[in-house]
Amino acid sequence: MKEMTYKEMGLLDEEYEQIKEILGRQPNYLELGMFSVMWSEHCGYKNSRPLLKNFPTEGPQVIQGPGENAGVVDIGDGQALVFKIESHNHPSAIEPYQGAATGVGGIVRDIFTMGARPIASLNSLRFGNLDDERVKQLFSGVVAGIGDYGNCLGIPTVGGEVYFNPAYQGNPLVNAMCVGLVNKEEIAYATASEIGSPLMLVGARTGRDGIHGATFASEELSEASQEKRPSVQVGDPFMEKLLIEACLELIKEDLVAGMQDLGAAGLTSSIAESASKKGRGVIVDVSRVPRRETGMIPYEVMLSESQERMLIVPREGKEGRIGEIFDKWGLDATVIGEVTDDGMFKVFEGSVLVGAVPVEALTEGCPVYVRKGLEPPYYRECHDFNIDNLAECDAGEALSKLLASPNIASKKWVYNQYDHQVMTNSAIVPGDADAAVLRIKGYQKGVALATDCNGRMVYLDPYQGGMMAVCEGARNLACVGAKPLALTNCLNFGSPENPHIYWQMQEAIKGMSEAAKVLGTPVVSGNVSLYNETVDGAIFPTPVVGMVGLLEDIDKRCQMAFQDEGDLIILLGRAREELGGSEYLFVCHGVEKGSVPEIDLEEEKNLINLLLSLTEADLVKSCHDISEGGLAAALAESSIKGSTGFNVDLDFKGSRKDRFLFSEAPSRVVASLDEKDLTAVRNLSAQFGIEISILGKVGGNKMIFNDHGIEFINLEVQDAAKIWGEAIECHMK
Amino acid sequence: MFKANIFVTLKNGVLDPQGEAVKKSLKVLDYGQVEEVRIGKYIEVWLEGGDRDSALKELEEMSDRLLANPVIEDYRVEIVEVE
Amino acid sequence: MKFGIIVFPGSNCDADCYHVIKEVMNQPVEYIWHKENTVAGFDALILPGGFSYGDYLRTGAIARFSPIMPAVIDFAEQGGLVIGICNGFQILLEAGLLPGAMLRNRSLKFICKPVFLKVNRADTPFTNHMKVDQVVRIPVAHGEGNYFCDQNTLQSLKDNGQIIFTYCSEDGQELPEFNPNGSLANIAGICNIKGNVLGMMPHPERCSEEILGGRDGFYIFDSMINWLEEVGK
């Protein structure tokens, strides 16, 4: 094996100097490798840490905020949800199937490591233009990878989002979220263990796969990354399933003092993290690590990112029982080291000491860079845009085009490949509402889950766009009748060394933080993925929000489908006309510009509270938030889902129709209700200060739009359903 | 020590959707002369001890019982002596 | 009356079946670990869905050699009720309790969606609370549900009335376009000649409660309970 230099490992000159100072000598190859992975952005957050401090992380519902394997929120009855979202962008760009599959595997391990039974997966995906052959391959590989892994585990994939935009052409985003359910008293923390406790390694044998994965994730994608192919790990979902069952049994019987999954940076990271908690040290003997390949050197063993492995620190005297449980599941556990008191991470090969570094230097000692952001020139250029210079498209044609856009069209081609019903809790399945809803067996309550981020909006205005992502997540939950509790986020950006990108990060995080504060949805976990760029430039800044919420009474859940002939259709929120950043401008005019619609956080909060009151009082029969494609697309989707038409009469106040129909201005919802409930709905809306307008009625088999009584769109529901339902499938044939 | 190469293929007449898909792709890539594609499994097994005949017999039994499903699959065993 | 649910490593619908039998059907039920070697004391066995042994090699191929399987085969031969759902069906095929084999879905993709099934017989232990030609809506979730057998076997399945469920349209037409996976003769579920062993790809346990969007699956478990009660008399 050719030895890499510290620069090839991703370390800077000054970082190398710092390591020499810490050790008081030159680091050897193993030590250098350990520092380089622990000091990568992926493990050490060295560029993002100062910005992440801005997130609100506390609240009465928060049991565990950032800093553990995943965040935890209280859902009453002694139960809690454990959840986190994580990126696997770079591995998926190189090998979409395995990259995506192991992304799911990694996030699932984070959840059961906390003692929680994983109950749902979601994913947030971004690809380039779907007409491109390579993009089709990536898309289909990623979806198959997520499906095959999650399906095999028996964890339903219940929601998520997929967007296509040239900004992601060479650098797709694959963010996987997992949610687990745990009894509060069974939450397992990665607390350090008693001196002398053994370290047990269990699961798959160790190979050379994935060495320097964490470093790889912290670099830009280039031709050279193609050559780093061996970095990609192969997933074994069957092994993971056995690990889930065995580890949850260990926790039920209270047999472990600490548990860590082996993710990025493999043994180095998991051992350092379990030992760093109370200033403990650790010794590990690499010769005891079961291998899949011969001739591996300590450096390779310590840095391998072979999947499906767990590190376990048993409670005193429980090793025997732990061995029995692993044996039942056909797993091998091996003691590879023990906890010490000297704060040193010592690596042995047999009796020979091959590396020794202070644990804290690897974790707390990771350098932190506070950079300076600089507003990029495009920011002002994009805002300098006047809609009046664009001709208005025929509204009917525009609506058909939008329904056929892969960003708006039905995602059934995707979710039909995911088992979204296993565990028999899915009370709202993908595609039926703005969020997934799961029952909690034995209780009347339910939980709702959604992921959101409109990368184009964040690009045009990171501050507003960041707020929008949080607001949309919360609004989606409120639309199904769930109170938003907390969020996790996956911050996908380009290189932080570019001041323009750093500015995007600063602004987006500022916007997200403000929205999260006002809406009372703290950030409890997350992941940062930087250097998402290719030679053609950086991706749209894409800070994906994964939000969880609680329904007190699951029987009051609300879907997006129109229900009964004659029901009134209403708009909750203001009639707005801002077209900036809309899918309409992109699809019909090829333009990605404009000012992002302003968002008023208080208004959003009031709307969410109104939605919760409406669903609680059973006053609305359908609810769908206005996002991509605007009001027109929202109406069409509720109609298609309900297999029923509608007739609406809109007031354009003399301005052009496209502005009102296709504006993606936030804080608005299309709902339907029984006419008898109108007064009650009006009263509640007034109470929360939210505007309400009556648009028309449900019924017939056509989507009919009128302008003061004059019909201007007349679309058969069946035809629209075909366009919307088959668009992605047509691309993938 | 013996090393066996076992080829498990779908029986004639059993539809092979994977093979069909690959055939279609090859046609798209302009390999017009492609007539048929069938996809199977290739399994390597190492055996210690015994003679060649008993090893072969053992391998055929393994194939009948587990490695291939006689309802849909055929198999062929090759065996070579290795160090 | 006691139901047993066989748990193989990699089974993942075991808990779903357990929930339905215990909480929805209100019947006693226990898990049976695959390393056991007896099913004494059970009146009906469920082989649940999932990916036993990761479905490596072939679906169901490795599970079929689990220590519990001789007892399952024995139980079936003595007329005990055995239902194999999805992966359970695949295991029954590999074990030879039902004829035929599974191929990959025609689309080569995993498919999870509700499908319509036609009930071809209402006199079996599994369908006696359903009607002949009734159309039920039950979800499928599999990558290999493309049922295959040779022509002679197909003929004997037909002659013996062993094809219990076929994929169809909402109004009961058994046309190829309503077949989600390419299975022979739109087969979704078959039984053995005696009628006490059923294998089906769709998941009745996923639609036995209204909150999950329908309860057509309920009637399969209900039929089994009814049959056991009748026989018990």
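Two strands pair if DSSP finds at least two bridges between them. Strands here are DSSP runs of E with at least two residues, helices are runs of H or I with at least four, and both are numbered from the N terminus. This is a predicted model, in which local features need pLDDT of at least 70, side-chain atom pairs count only at pLDDT 80 or more, and totals for chains, interfaces and linings use all residues. Residues are numbered from 1 along each chain as its sequence is written, chains are lettered from A and ligands numbered from 1 in the order in which they are written, and side-chain values use heavy atoms, leaving out hydrogens and water.

**The sheet**

In chain A, seven strands form an open sheet with mixed pairing, in the order 23-25-22-26-24-27-28. Strand 23 (622-625) and strand 28 (710-716) of chain A are the edges, each pairing on one side only. From one strand to the next, the twist averages 20 degrees. Strands of a sheet pair through backbone hydrogen bonds, either parallel or antiparallel.

| Partner in chain A | Sense | Bridges | A bridge pair |
|---|---|---|---|
| Strand 25 (residues 669-673) | antiparallel | five | A:L571 with A:V670 |
| Strand 26 (residues 692-698) | antiparallel | five | A:L572 with A:I692 |

Is strand 22 of chain A buried or exposed? Five of its five residues are buried, meaning under 20% relative accessible area with a 1.4 Å probe and protein chains only (exposed is over 50%, partly exposed in between). A:L568, A:I570 and A:L572 cover one side, and A:I569 and A:L571 the other. A:I570 stands opposite A:I694 in strand 26 of chain A. Helix 25 (residues 678-688) of chain A packs on the sheet and touches strands 22, 25 and 26 of chain A. Contact means heavy atoms within 4.5 Å.

The axes of helix 7 (residues 133-153) and helix 26 (residues 717-732) of chain A come within 10 Å and cross at roughly 115 degrees. Axes are lines fitted to C-alpha atoms, for helices over the stretch in contact, and angles run from 0 to 180 degrees between N-to-C directions. A:K136, A:F139 and A:S140 in helix 7 of chain A meet A:I728, A:H731 and A:M732 in helix 26 of chain A.

**The core**

A:F139 also belongs to the largest nonpolar core, of 137 residues, where A:F139 and C:F165 touch the most other members. Such a core is a set of buried Ala, Val, Leu, Ile, Met, Phe, Trp, Tyr and Cys residues joined through side-chain atoms within 4.5 Å. Beyond four places in sequence, the contacts of A:F139 include A:F127, A:W413 and A:I728.
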